[in-house]
Amino acid sequence: MPAPINYNFVMTSKRKTVRSRAAPRGYLRSDSALVDAGGSWGAVVGAGELLRFVDLEGQQAVDFLCYNAVDTRDRYNAANTMKMAENLFLNTGTVLYGEYATPLMKIVASSCPDHDTIGGCCSAEMNFLRYGKRTHSCRANFLHELTRFGMGESDIVANVNWFMSVPIGRGGHMAISDSPSRPGDYVDVEALTDVVAVISNCPQKYNPACGYNPTPVLVETYKPVRARRGR
Ligand SMILES: [Zn+2]
């Protein structure tokens, strides 16, 4: 597992100084966004470009979905992804497959193991059912971002949760657990085709998804220095 990032000073979140590190080899940073706790982000990411998600303060779930930009019906499919990986957890090398079995994105580096794709996203309804609270939610954030790209409620499907831990126990027991993610942990995800990528920086306070304390995350976009051969 790669070591956590040593960040050089680029910006400051409320609680901690955020530091930057070198771009992934062969890439140049083209964009950077600090996403507040409970905030959202979305963009079209070109084939060959890379997204880096940085958990600035540790234990922060980042709910994520991606869609084929040419045909958004070809959206992230968790079951296809797990079947092809023959694993419940997402790690370096895992390809994120679409509805039509299209390889949409690939995890090319991660300093945090076992990202989740079975726990889904939080919603006002589920928070009310489970905790008696109607709250801001990842579902609302997804809807906000997807609307920007001409999509809506029916486009929200079982998602990826970067940095979230959902271990499987005996008898198939599953539950959101304390994340092993440390401050500065990151995951690099390469677009294998043009995609629409959206995140919700989870506002959950009632289970361990965000360590009961949602915090900001950094989303960086990188472009390849030169077009790679064979693409
Ligand atoms: Zn959430």
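The model is predicted, so local features need pLDDT of at least 70, side-chain atom pairs count only at pLDDT 80 or more, and totals for chains, interfaces and linings use all residues. Residues are numbered from 1 along each chain as its sequence is written, and side-chain values use heavy atoms, with hydrogens and water left out.

Start with the metal. Which protein residues are donors of the zinc ion? Cys 122, Cys 138 and Cys 202, each through SG, lying 2.2 Å from the ion. A donor here is an N, O or S atom within 2.8 Å of the metal (3.2 Å for Na, K and Ca); water is not among the atoms, so sites may look incomplete. The spacing in sequence is C-x15-C-x63-C. Helices (H or I, at least four residues) and strands (E, at least two) are DSSP runs, numbered from the N terminus.

Buried or exposed? Cys 138 and Cys 202 are both buried. Buried means under 20% relative accessible area, exposed over 50%, partly exposed in between (1.4 Å probe, protein chains only). Cys 202 has 3%, Cys 122 has 10%.

Now α3. Its buried residues include Asn 141, Phe 142, Glu 145 and Leu 146. Just after α3, Gly 150 has a positive phi of about 75°.
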